[in-house]
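Biologist: I am new to this structure and would like to learn how to read it step by step. Could we begin with how strands are said to pair?

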Amino acid sequence: MKAKIKITLKNGVLDPQGKAIEGAIKGLGISGVGDVRQGKYIEVELAETDAGKAKAIVEQMCKDLLANTVIENYSYEIG
Amino acid sequence: MLRASVIVFPGSNCDRDVKTAIERVTGFAPKMVWHGDASVPSSDVIVLPGGFSYGDYLRCGAMAAHSPIMKDVVAKAKAGTPVIGICNGFQILCESGLLPGALLRNASLHFICRDVFLKVENDQSFFTKCYRKGEVIKIPIAHGEGNYFADSETLDRLEGEGRVAFRYSDADGEVGAASCPNGAQRNIAGITNETGRVLGMMPHPERLYEAALGGTDGRRVFESILLSTLEAA
């Protein structure tokens, strides 16, 4: 199985990189661009075949390492 | 006698600076402890140095917080051994849960390497007792991720409990947005845990401990360590 994990900054956490990207997009002359927030995308191959157990494993890795829950949210798909 | 241990992570680059600072100021050479070791020798103080542990992969300090030695550092800190984290060390302390909050990318996105003024807010802790509350000192910062963040409840608690050790200020001690180099909330440059025995700070006191380096304002961090240790002996 493969876990596809998305990590994003929580609302209210300043994202200066997102702001810089927003400025660069506007610099391309593209109009109609609002707030830009950037994050991380991580793929993890799993040996586990049971969906429930895989979810528990992914939860643990997200909580303990991949995301810092003080500043970040995470979500994932497993398939 | 001062038994200090400096933890060396792959990518640490201020480990030998802080070793020299401790040795020159206190007269006692620290032990250098590799991150892959399982335990820290019995110590009066543990130092997490500055640098770019694990290349800052994932988040600054995130990988180091899970390296083998950190289990023992966390256990010893919880049992009362004083721990100081400087720059990357501060990031590691936050990632390991010994200090609250997180250090985000500087608001300007720039890596900032220059002297800054700090206002001393706490002169009672293990690491700050040789300073005087309210005095303004000058110590360099050198970081890309030093923008301290915590929710407002945590910030109120830190302030209410006197756990803000240093704030960025101007030369006159004025604390405001204009004197904050990195966007840190409430100009926070350093905080302690509940007991004052764990300190995280972004500025580098080990870079200004004798006049030949351009100043001595960092020296008293190491004098405080020695004094606190001798007082407890």
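Modeller: Two strands count as a pair if DSSP finds at least two bridges between them. Please keep in mind that this is a predicted model. With that rule in hand, take strand β9 (residues 164–169) of chain B and strand β10 (residues 188–192) of chain B, which pair in the antiparallel sense over three bridges; one residue to look for is Val164(B), whose bridge partner in β10(B) is Ile191(B).

Biologist: In what order do the nine strands of the open sheet in chain B lie?

Modeller: In general, strands of a sheet pair through backbone hydrogen bonds, either parallel or antiparallel. In chain B the order is β2-β1-β3-β4-β11-β10-β9-β6-β7, and the pairing is mixed. The edges are β2 (31–34) and β7 (136–143) of chain B, each of which pairs on one side only, and neighbouring strands of this sheet are turned by 25° against each other on average, direction ignored.

Biologist: Which strands does helix α1 of chain B touch as it packs on the sheet?

Modeller: Helix α1 (residues 15–26) of chain B touches β1 (4–8), β2, β3 (45–48) and β4 (83–86) of chain B, and its direction makes about 170° with that of β1(B). Helix α3 (residues 88–95) of chain B, for its part, lies across β3, β4 and β11 (198–201) of chain B and runs at about 120° to β4(B).

Biologist: How should I read the nonpolar core, and which residues have the most contacts inside the largest one?

Modeller: In soluble globular proteins, nonpolar side chains tend to be buried together. Here the largest nonpolar core has 74 residues, and those with the most contacts inside it are Ile7(B), Val47(B) and Leu118(B). Leaving aside neighbours within four places in sequence, Leu118(B) is in contact with residues including Ile137(B), Ile139(B), Phe166(B) and Ala189(B). A second, separate core of eight residues includes Ala3(A), Ala54(A), Val58(A) and Tyr74(A).

Biologist: What is the strand order in the sheet of chain A?

Modeller: Three strands form an open sheet in the order β2-β1-β3 of chain A, with antiparallel pairing. Strand β1 (residues 2–9) of chain A and β3(A) pair over seven bridges, and helix α2 (residues 51–66) of chain A lies across β1, β2 and β3 of chain A.

Biologist: How many residues does each chain bring to the contact?

Modeller: Chain A brings nine residues and chain B brings 12 residues. On the side of chain A that touches chain B, helix α1 (residues 16–27) of chain A gives the most, with three residues, and the residues of that side divide into seven nonpolar, two polar and no charged.

Note on methods:
Residues are numbered from 1 along each chain as its sequence is written. Chains are lettered from A and ligands numbered from 1 in the order in which they are written. This is a predicted model: local features need pLDDT of at least 70, side-chain atom pairs count only at pLDDT 80 or more; totals for chains, interfaces and linings use all residues. Helices (H or I, at least four residues) and strands (E, at least two) are DSSP runs, numbered from the N terminus. Axes are lines fitted to C-alpha atoms, for helices over the stretch in contact, and angles run from 0 to 180 degrees between N-to-C directions. Two residues are in contact if their C-beta atoms, placed from the backbone, lie within 7 Å. Ala, Val, Leu, Ile, Met, Phe, Trp, Tyr, Cys and Pro count as nonpolar, Asp, Glu, Lys and Arg as charged, and the others, Gly among them, as polar. A nonpolar core is a set of buried Ala, Val, Leu, Ile, Met, Phe, Trp, Tyr and Cys residues joined through C-beta atoms within 7 Å. A residue is buried if 20 or more other C-beta atoms lie within 10 Å of its own, exposed if 12 or fewer, and partly exposed in between; C-beta atoms are placed from the backbone.
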